[in-house]
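Visitor: I have a structure open and would like to talk it through. Can we start with the ligand and then look at some residues?

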Amino acid sequence: MRVLLIHSDYIEYEVKDKALKNPEPIPDEMKKGRMDEVLVAFISVEKVDEKNPEEVVEKAVEEIVNVAKQVKAENLFVYPFAHLSSELAKPSVALEVLKKIEEKLKEKGYNVGRAPFGYYKAFKISCKGHPLAELSRTIVPEA
Ligand SMILES: Nc1ncnc2c1ncn2[C@@H]1O[C@H](COS(=O)(=O)NC(=O)[C@@H](N)CO)[C@@H](O)[C@H]1O
């Protein structure tokens, strides 16, 4: 799994077209979204993660929480992003992993948003630009 973390003034997105034949079914209210004062996690779920999705979910949550504490972010945003890796996990696994990350971050008390999976989306983001505002993590299951 590849994670790009951007501490932002805001992120906003708008769903455009389907990028997969069967994208995640979404209610109208998820077709556009915005979150302010937010730590955005752009996530590419990778083939190697299919070996132990539960483990990579736990590790990803730990990494995201660590950074959230450092930058004092209470709002988190999970953004499915297929462009951080050339070895992508299949969509069914990727969506489950991303939903689990969202769920576990909520269990830890954060306000968590998530962008729809399987769509081309327009998005705007305003990176804060401080030294910890742009970070990346690579997460892999134990061999
Ligand atoms: N492994 C993955 N990790 C994160 N997001 C994914 C993954 N696979 C699919 N997606 C989601 O599905 C969308 C399309 O995925 S994609 O791999 O780019 N596929 C396509 O664009 C297809 N149109 C051609 O392959 C991505 O924008 C993302 O929302």
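This is a predicted model: local features need pLDDT of at least 70, side-chain atom pairs count only at pLDDT 80 or more; totals for chains, interfaces and linings use all residues.

Visitor: Where does the ligand sit?
Guide: The ligand is in the largest pocket.

Visitor: How many residues are around the ligand, and which come nearest?
Guide: There are 16 residues around the ligand, and A19, V45, A89, G118 and Y120 come nearest.

Visitor: Which strands supply at least two residues of that shell?
Guide: β2, residues 32–44, and β5, residues 119–127, each supply at least two. The largest share comes from β5, with 3 residues.

Visitor: How do the shell residues divide into nonpolar, polar and charged?
Guide: The shell around the ligand has 13 nonpolar residues, 2 polar and 1 charged.

Visitor: What lies 3.0 Å from an oxygen atom of the ligand?
Guide: A polar backbone atom of G118.

Visitor: And the nitrogen atoms of the ligand?
Guide: A ligand nitrogen is 3.2 Å from a polar backbone atom of A89. A nitrogen of the ligand is also 3.1 Å from an N or O atom in the side chain of Y120.

Visitor: How much of the ligand does the protein bury?
Guide: The ligand taken alone exposes 570 Å², and the protein buries 74% of that.

Visitor: New topic. What is the phi of E37?
Guide: Phi of E37 is near 50°, a positive value in a residue other than glycine. In general, most residues other than glycine have a negative phi.

Visitor: Where is E37, and is it buried, exposed or partly exposed?
Guide: E37 belongs to strand β2. E37 counts as partly exposed because its relative accessibility is 45%, and that class runs between 20% and 50%.

Visitor: What about K72?
Guide: K72 has a phi near 55°, and this too is a positive value in a residue other than glycine. K72 is in the loop between α1 (53–71) and β3 (75–80).

Visitor: Why is K72 called exposed?
Guide: K72 has a relative accessible area of 71%, so K72 is exposed; the cut-off for that word is over 50%.

Visitor: One more, R114. Buried or exposed?
Guide: R114 is buried, as its relative accessible area is 10%. R114 is in strand β4, residues 111–114.

Terms used. Residues are numbered from 1 along each chain as its sequence is written. Side-chain values use heavy atoms; hydrogens and water are left out. A residue is near a molecule or strand if one of its heavy atoms lies within 4 Å of it. A polar contact is a pair of N or O atoms within 3.5 Å; within protein, one must be able to donate a hydrogen and the other to accept it, and residues adjacent in sequence count only if both atoms are side-chain atoms. Accessible areas come from the Shrake-Rupley method with a 1.4 Å probe; for residues, only the protein chains shown count as cover. On a 1 Å grid over the protein atoms alone, a cavity is a set of points where a 1.4 Å probe fits but cannot get out, and a pocket is an open set with protein on both sides within 12 Å along at least five of seven lines; lining residues have an atom within 4 Å of a point. A molecule sits in a cavity or pocket if more than half of its atoms lie within 2 Å of its grid points. Helices (H or I, at least four residues) and strands (E, at least two) are DSSP runs, numbered from the N terminus. Ala, Val, Leu, Ile, Met, Phe, Trp, Tyr, Cys and Pro count as nonpolar, Asp, Glu, Lys and Arg as charged, and the others, Gly among them, as polar. Buried means under 20% relative accessible area, exposed over 50%, partly exposed in between (1.4 Å probe, protein chains only).
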